[in-house]
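Welcome, and thanks for taking a look at this one. Please have the sequence and the model open side by side as you read the briefing below.

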Amino acid sequence: MPRPISTGDGQHLDDAWHLILTASGEASGPDQLRRESALPDVPVPGTVAEALERAGRFERGAPFPLNQQDAWYIRAFGNEPAGMAILRFEGLATIAEVYWNGSRVLQSANMFLASDVTVELTGKDELAICFRALAPLLNRKGPRARWRTQLMNEPGLRLLRTTPLGYMPGWCPEIHPAGPWRPVKLLRLDEEPIANIDIHSELTGGGDGILSVSFAYSGSFERPVVECSGCSIEAVLNEDGRWHARLDIPGATPWWPHTHGSPVLHDVVLHAGQETYRMGRTGFRSLEIDRGGDSQGFALIVNGKRIFCRGAVWSSADIVRLPGKRRDYAPWLRLAADAGMNMIRVSGITAYESNDFFDLCDELGILVWQDFMFANFDYPVKDAEFAAQVGAEARQFLKRTHAAPSLAVLCGGSEIYQQGSMLGLPETVWKGPLTEEILPSLSRSLRPDVPYVANSPCDGALPFIANAGVSHYYGVSAYCRPLDDARRANVRFATECLAFSNVPEARTLTAHLNVPAVHHPRWKARVPRDNNVSWDFEDVREAYLAMLYGFDPTTLRREDMPSYLHLSRAVTAEVMEATFAEWRRPGSSCWGGLVWMLQDLLPGAGWGIIDSTGEPKAAWYGLKRAWRAVNLTLTDEGVNGLALHIVNERPQGLEASVEVTSLRAGKQPVVSGRRDLTLKPGQSMTLAATDLFGAFFDTTYAYRFGPLSHDVTVARLKDPQSGTVLAEAFHFPQGRTKAFHDAAIETALTLEGNVWFLELTTPVLAQSVHVDIEGYRPDDNWFHLAPGEPKRLGLSPRDGTTLSTRPTGEIRIAGSSRIVWFE
């Protein structure tokens with residue numbers, strides 16, 4: 001059994017740390033500290049905010065400034081064997097001084113850089129790390145900026161290599177990051193003979209894998225052999241003093257995003273004498289960008305296949321802790337995969353995530369759009385020291401993610417081009433060497449298999465225009481445009497889109513923000529807003545509540561708060577589902593959309609489609625339906641009638657039947673049709689509803705020859721053998737409110753094996769059905785339930801719920817005060 005190589009891992013120094021807070025500059029060294037004020041047993045890796053929160057001295061919902069004082073982390077070594085060793089600091093936020101036995105051995109000014117220091121252990125040693133107050137440094141002078149941004153509240157951040165998180169009022173809580181946010185390790189110089197492993201993989205056009213491996217090896221064995229996927233080759237010692245191996249793997253099984261195949265990973269193993277080491281793992285895939293026939297498009301080609309990329313923008317696994325371990329990422333990324341996401345974007349306003357993040361994305365088949373950590377500012381890259389910092393952090397990131405097949409796009413940062421161009425500055429000002437020379441050169445050198453994009457957004461007559469290249473599309477959402485703007489804008493690829501103040505489930509609000517919705521200051525403080533504007537994203541959500549349902553939101557929340565909250569949750573799911581139905585149809589110009597954002601940073605009506613406790617919101621369920629690999633959607637084509645769009649992204653062919661029925665009063669069939677169809681792997685098609693009916697029927701009520709004969713059309717895609725519904729779509733010719741019905745839903749609970757199922761039936765259409773179950777989470781929610789077709793929900797137990805606990809709960813629907821209880 002191959003054993004993992006421990007070089008670079010070493011002994012994690014994650015215990016016995018003390019924290020002392022002092023006034024800025026009060027202590028020039030650890031000998032000047034008053035040790036009696038130390039906070040014991042603080043977490044490392046961790047942040048000052050985390051340590052204070054654990055001690056009950058900090059509240060993330062009401063933070064106070066943490067950037068105005070120095071923070072000293074101190075750890076004693078009492079039983080370590082004497083000898084030389086390396087201290088490895090994987091991330092120090094942000095201006096840090098490291099002291100070993102009272103002597104300063106390191107200064108670091110980049111949160112994103114790892115640093116090594118060689119020290120001598122004597123058996124009685126002390127390590128101290130001082131994180132200097134950042135606030136006094138934010139006012140220091142530097143090269144003059146050619147523009148200013150409204151996003152961050154501290155212009156001086158452009159001169160420092162730290163995350164903007166904590167400095168974006170209205171976007172995230174002002175929790176200032178400070179501390180050893182990534183692991184601190186102790187490595188013995190002779191721990192392992194193998195070090196500095198570099199793994200690169202590629203997939204040729206013919207389907208063969210090419211694996212390139214290099215490493216330093218100080219052992220005595222002369223003929224190390226590299227093995228992967230059943231093939232092996234002897235490594236060769238080159239003039240650079242490193243061992244190199246190039247392995248050709250005929251017909252390598254490729255790595256795919258999970259929506260289009262299996263994310264197959266291969267172990268890379270080294271045989272050295274009698275020892276066998278697991279050097280790492282990788283996947284074989286090819287990536288390229290297709291700009292389309294007009295050179296204005298943007299589509300990601302994976303393994304020769306054009307992929308519709310969908311997902312969300314990552315914020316943080318925890319805004320206080322800024323954690324980087326597998327257990328922290330796993331709940332979020334698994335919910336992303338469960339929703340059908342095949343891409344996550346790590347934006348330039350956040351921080352580089354750890355290798356565990358990429359390991360999980362590799363396993364789950366989630367592509368990563370990775371921004372370098374630059375956003376909005378005019379950065380001083382002509383300053384030699386700053387440019388050196390940029391190069392060092394980019395190299396470290398690219399090298400440590402060398403083998404990750406999930407890394408799909410490298411991007412020069414977020415909204416630098418947009419910021420400059422929106423201020424009316426010429427292209428020669430906002431385009432510069434950072435994104436046009438330095439970062440692309442490093443990317444080509446260290447990750448030539450990954451496409452590079454200069455900025456997000458970019459391309460087009462102006463970089464923020466939606467109909468060319470990469471855009472941040474907020475026509476639907478922030479700009480309150482009608483839903484058909486998603487087509488009119490001719491979006492090509494939206495790396496940000498559909499930002500709403502998404503209302504969490506009632507269980508989250510009751511437990512963590514139990515105040516009157518909308519009216520209370522604590523509620524409003526959690527609603528995201530752009531800086532220095534007169535509106536927030538709750539206003540945006542309410543605009544669509546009025547647009548889709550015809551209610552005045554102010555009157556509704558004053559007179560019927562339960563209905564207001566139900567429709568507030570439902571509306572974002574409806575808008576997102578409708579927008580992606582538009583973008584995924586055959587003939588659409590769009591090949592990607594990433595929702596802003598994946599998760600909230602605090603409990604409340606934030607941008608996240610998952611709340612900060614890990615509970616999916618209504619929007620998550622709507623997107624899960626919109627992102628199915630096998631899907632059916634409807635679009636209103638006006639006088640051309642109702643169009644049915646069927647998509648099969650699976651690597652297997654699809655045999656299915658499609659049914660369409662228009663209902664009067666939500667229950668009486670007026671017209672119906674059915675067709676069997678066959679789709680090849682990766683094929684999509686569009687059908688006209690009238691083709692299934694066999695005669696003219698005004699499904700969209702465009703001709704208006706007489707009174708409307710129906711209030712909803714229901715389309716279903718079914719497996720013809722089992723009758724299982726693969727996808728379902730609804731169209732409301734006169735709007736959703738005209739099709740509200742007081743449905744009496746019947747329920748049936750069954751336990752099959754280790755899974756509880758809840759079956760729902762209704763005699764009349766029920767819109768935006770919400771199922772709330774104590775101790776369980778349904779696999780679908782906030783859906784429309786049509787008559788004549790039972791809907792079966794699988795129930796996943798929440799933490800602490802055992803299978804012996806029988807599910808109980810309630811069901812509510814839009815447009816009705818009826819509550820259905822079941823047990």
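Which residue lies over the face of F783, and at what distance from the ring centre? It is K791, at 4.8 Å. Keep in mind that this is a predicted model.

**Charges over rings**
- K791 sits over the face of F783, 4.8 Å from the centre of the ring.
- K305 is placed over the face of W256, with 5.2 Å to the ring centre.

**Aromatic pairs**
- The count of aromatic pairs comes to 37.
- The ring centres of F357 and F358 are 5.5 Å apart and the planes meet at 75°, so this pair is edge-to-face, the class for planes over 60 degrees apart.
- F357 is buried, with a relative accessible area of 0%, and F358 is buried too, at 2%.
- F357 and F358 belong to one aromatic cluster, along with F112, W314, Y329, Y352, F372 and F397.

**An open sheet**
- The order β33-β32-β35-β36 describes an open sheet of 4 strands with antiparallel pairing.
- β33 (668–679) and β36 (725–731) are at the edges with a single partner strand each, so one side of each has no neighbour in the sheet.
- On average, neighbouring strands here are turned by 15° against each other, ignoring direction.
- Within the sheet, β32 (residues 654–664) pairs with β35 (residues 712–718) in the antiparallel sense over 7 bridges.
- S657 is found opposite K718 in β35.

Technical notes
Residues are numbered from 1 along each chain as its sequence is written. This is a predicted model: local features need pLDDT of at least 70, side-chain atom pairs count only at pLDDT 80 or more; totals for chains, interfaces and linings use all residues. Side-chain values use heavy atoms; hydrogens and water are left out. Two strands pair if DSSP finds at least two bridges between them. Helices (H or I, at least four residues) and strands (E, at least two) are DSSP runs, numbered from the N terminus. Axes are lines fitted to C-alpha atoms, for helices over the stretch in contact, and angles run from 0 to 180 degrees between N-to-C directions. Rings of Phe, Tyr and Trp (its six-membered ring) pair if their centres lie within 6.5 Å; planes under 30 degrees apart count as stacked, over 60 as edge-to-face and the rest as tilted. Buried means under 20% relative accessible area, exposed over 50%, partly exposed in between (1.4 Å probe, protein chains only). A charge sits over a ring if NZ of Lys or CZ of Arg is within 6 Å of the ring centre and within 35 degrees of the ring normal.
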